[in-house]
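Hi there,

Here is the structure I promised to pass on. Have a look at it first, and my notes follow below.

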Amino acid sequence: MRFTLIKCIPVCKDNKKSLIFAALFFLTAFMKGKFKLPNGVLCLLVVTGLFFYLGSVMGTANMLNTIMHTAHDLLLNTVFFLMSICVIMGALSKIFVEFGVVSLIEKCLRPLMKPLFRLPGVASLGAVMTFLSDNPAIISLAHDKSFSKYFKKYQYISLTNFGTAFGMGMLVIVFMLGQGFTWEPLVGLFGAFCGCIVSTRLMQRFILKARPEFRDEPADENAEAIAEIETAQYQSKSMFTRILDAVLDGGKSGVEVGMSIIPGVLVISTLVMMLTFGPDTSTGVYNGAAYQGTEFLPWLADKISFVFEWLFGFHDPHLVAFPITALGAVGAALSLIPNFVAQGWVDGNAIAVCTAIGMCWSGYLSTHTAMLDSLGYREFTPKAIGAHTIGGLCAGIIAHLVYVMIMML
């Protein structure tokens, strides 16, 4: 078995690339059960192999310095910038909720819910809330009996995909606008909207195929009578107090969101950047500075570059790092954009596509399991992930096509 496996490993002229292929091959064989390893051995092999690859290309000292410098620079110049946006957007969204703006938007969007998403009109409130905050906001709303009473079970479960497609949308768009692009993020917003339709309806199709009885069963049979949308819980307070409470509470929630993106940005982005960027651009050598790497992802993407260029209009293989990172954390993916802009790899089309994919996916691999578990339907996690993967790809494709059509006008 050992010699058979070794003979099947792809041969590459670059020994470092061959090492990566060998690691991927043995990992695949292990997952298929062709051979077994003691607990922890596979983890050690993967981690050791990754650091050996990085160190053999960059040098051990340079690799360690680059890791520390990149993480430090991301924390100071990216995380705190994103956190400041989260705080401001959190305060603004809380004011919108407090003074009825969200309710007004929800009423305007209600007519779109049934024909486009096969969801009750009240679902538009979930779209607005997740757009202003993050994916899990749809779950806290779904646990409200006056909200869940409107839904059948197949609609209720699909809220995971529906809410995720709008998660952190405001943050993504504001961040892209801050990079100097004006209308391109709006094209991305439209692409994410279309991707949400695909993901939500595909998820509903998967659910009904597996459990046809969910078509007519209510989401919560024991739900209480529907409550009035507008409440008077703050009517006894003065206008100044209501504004102050909304700003402070919203800002506090923004800090929590900003803190939650730190691990993703520092860990995921540092790794992705070290697999994306190359040595120092002026000297062509490694010196341990921030944002240096082995250019493995661009090398890999270049082998199938025609796919990304055809689907998304990406003209540089480095851009593939954004959708890969967005799978786990959209905040980490956004941290890649300033460097892409500085390197000149980004154009208007890339911003539109990245906005669409980043907003639609918004780290769904790291949230879907917990969200469905919270709703009590963990068994549908693979279906939700599959549907949302397709939805995000459709979002990027649509954003690219719309951008091309606009440029042709």
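A residue counts as buried here when its relative accessible area is under 20%, while over 50% makes it exposed and anything in between is partly exposed. By that rule, 46% of the chain's 409 residues are buried. Please keep in mind that this is a predicted model.

On the overall fold: the chain has 22 helices and zero strands. If you take the contacts between residues at least 6 apart in sequence, 76% of them join residues at least 24 apart. The accessible surface of the chain is about 19900 Å², and carbon and sulfur atoms account for 66% of that.

I also looked at the cysteines. The disulfide count is zero. For Cys394, the closest cysteine sulfur is that of Cys360, at 8.6 Å. A disulfide needs the two sulfur atoms within 2.5 Å, so this distance is too far for a bond. Cys394 is partly exposed, because its relative accessibility is 23%. Cys354, in contrast, has a relative accessibility of 3% and is therefore buried.

Phe99, Met239, Phe240, Ile243, Leu244, Val247 and Leu248 make a nonpolar patch of about 650 Å². Phe240, one of these residues, sits in helix 13, which spans residues 239-260. With a relative accessible area of 62%, Phe240 counts as exposed.

Best wishes

How values were computed: Residues numbered from 1 in each chain as written. Predicted model: local features only at pLDDT ≥ 70, side-chain atom pairs only at ≥ 80, totals over all residues. Heavy atoms only, no water. Helix = DSSP H or I, 4+ residues; strand = E, 2+ residues; numbered from the N terminus. Buried < 20%, exposed > 50% of the residue type's maximum accessible area, 1.4 Å probe, protein only. Contact = heavy atoms within 4.5 Å. Areas by Shrake-Rupley, 256 points an atom, 1.4 Å probe, with all protein chains shown as cover. Patch = residues over 30% accessible without salt bridge, like charges linked within 9 Å, V, L, I, M, F, W, Y side chains within 5 Å. Salt bridge = Lys/Arg side-chain N within 4 Å of Asp/Glu carboxyl O.
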